[in-house]
Amino acid sequence: MSASEPTGWSRLLPRTISSRLYLILFTGLLVAHGLSFGMLFYERYESATSMMMGNLEKDVSTSIAMLDRLPAAERPPWIPKFERRTYRYILGPGQQGGELETEQAREITRLIGRVLGDRYPVRGNTTSMLPERLQVHLALSDGAPVTIELTPSVMPVARWLPYVLAAQLILLLACAWLAVRQITRPLAQLADAADSLSPTGGGPPLPTGGPTEVAKAVSAFNAMQDRIALHLKERLQILSAISHDLQTPITRLKLRVEAMDESPTTAKLVADIDEMQHLVRDGVAYARSAHGGVEPALKVDLDAFLDSLVWDYQDTGKSVSVTAHAGVPVTTRPRALRRVVGNLIDNAVKYAGAAEVAATVDADGTVAISVLDRGPGIADAELESVMEPFYRLEASRNRDTGGAGLGLAIAQQLAIAIGARLQLRGRDGGGLVATITLPAA
């Protein structure tokens, strides 16, 4: 059964629930860590700015006052002592630049001007934006130029911090993977069990473990599987009983009719009784076909198996031949497979007068058995319908024109029971190709 095509936004999402959970958790973790990083750097930026402003307010007035009182020759040795991480002093006019471009730069310039007062008029300019760098120019009492160069920046990040954050992210992803696996693994097992559910309903029960919701779903699935098996068993018993109970009166009825004087009416009665017997046998055969998987699987020489089947038809004068051999053994349930291939050959012989059987091996190791004919074929719109029970292309139930419509239905149900797949398609040039695909060994 194919999944429906996604529409809208769901087309952009992964197809599996585990991938979607991984995507949601990873995106959430990534956004959360991004916000953490953003808040961390914003806090460090605010702290660094506040610290720089506080230092400037305390240091600038003292440093400029000391430089102003020192003789010009003694000023250079003091310059390195006044240097801080975000600003330093330069004896000279400094570097010319553009106007102050950021509010922070203008705030710093106003702060320095307010601290120094009217005695030392200041002028600021921006010399760089990457990184941001500004210079505040002023002149001492003797007219000597002094420049304060500032580089506002946050405190450097410790080298170990990225590794710690990466370790946190890996740990969270590992926990998310474990959580997703705990959630999706039981669902995957449940889906696989439902997909491989035998028509007999006799599959092994799933282990009831995991979270309460999953355990409840598994218990419900196991109970459903048991009910299906019981229902099918009861159906088979009922049909078998009906068949047994009907065979006796039908046989007595046939014997009594045959004992009557021959007449056109007698021949018609005998034909009707034969039709009843065939219908009862076909119905029971269809019911029993669901239990084809009960037969033990055996390793079979496929080529010898097909040759033996075809020789049986040839011995009865039927035009059936093998056109290709697979050359590999297969593990299957031979009686059920023989019934499937036999029904397909019977169908081909009935409608085309001849049948060809070919076995091939695909690249993936699967083995395909094809039954080909040159009969009237089947319209594409009815290729699926003809494998339903009691569906016939010809409306009557006369066995001479097609029977009760159970041959392909029995073949289809037996194929499912043994884990194979039956497909019908039109043959190039006219006719029908029925292919049974056996699973790879």
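Biologist: Which residues are linked in a network of salt bridges?

Modeller: This is a predicted model, in which local features need pLDDT of at least 70 and side-chain atom pairs count only at pLDDT 80 or more, while totals for chains, interfaces and linings use all residues. Residues are numbered from 1 along each chain as its sequence is written, and side-chain values use heavy atoms, with hydrogens and water left out. A salt bridge here is a side-chain nitrogen of Lys or Arg within 4 Å of a carboxyl oxygen of Asp or Glu. The network is made of Glu103, Arg106, Glu107 and Arg110.

Biologist: Why are arginine 106 and glutamate 103 separated by about one helical turn?

Modeller: Their side chains meet in a salt bridge, with N to O at 3.5 Å. An α-helix has 3.6 residues a turn, so residues three or four places apart point the same way. Helices (H or I, at least four residues) and strands (E, at least two) are DSSP runs, numbered from the N terminus. Arginine 106 and glutamate 103 are about one turn apart because they are three residues apart in helix H3 (residues 103–116).

Biologist: How many salt bridges does a search of the whole structure find?

Modeller: Side chains of opposite charge can pair when their charged atoms come close. One of the pairs is arginine 338 with aspartate 312, whose closest N and O atoms are 2.4 Å apart. This pair links distant parts of the chain, with arginine 338 in helix H8 (residues 334–352) and aspartate 312 in helix H7 (residues 302–315), 26 residues apart. The whole search gives nine.

Biologist: Is glutamate 149 buried or exposed?

Modeller: The side chain of glutamate 149 meets that of arginine 88 in a salt bridge of 2.9 Å, N to O. The two are 61 residues apart and link distant parts of the chain, arginine 88 in strand S1 (residues 87–91) and glutamate 149 in strand S4 (residues 145–150). Buried means under 20% relative accessible area, exposed over 50%, and partly exposed in between (1.4 Å probe, protein chains only). Arginine 88 is partly exposed at 35%, whereas glutamate 149, at 11%, is buried.

Biologist: What covers the buried residues of H7?

Modeller: The buried residues of H7 include Leu302, Phe305, Leu306, Leu309, Val310 and Tyr313. Contact means heavy atoms within 4.5 Å. The cover includes strand S5 (298–301), strand S6 (319–324), strand S7 (329–332), H8, strand S8 (354–361) and strand S9 (367–373).

Biologist: How many bridges join S9 to S11?

Modeller: On one side, S9 is joined to S8 by six bridges, and the two run antiparallel. They form a hairpin with five residues between them, where glycine 365 in the turn has a positive phi of about 95°. S9 and S11 also run antiparallel, with valine 371 opposite alanine 434 in S11. The number of bridges joining S9 to S11 is seven.

Biologist: Which residues point each way from S9?

Modeller: Seven of the seven residues of S9 are buried, so S9 is largely enclosed by the rest of the structure. In a regular strand the side chains alternate between the two faces of the sheet. One way point Val367, Ile369, Val371 and Asp373, and the other way Ala368, Ser370 and Leu372.

Key
Two strands pair if DSSP finds at least two bridges between them.
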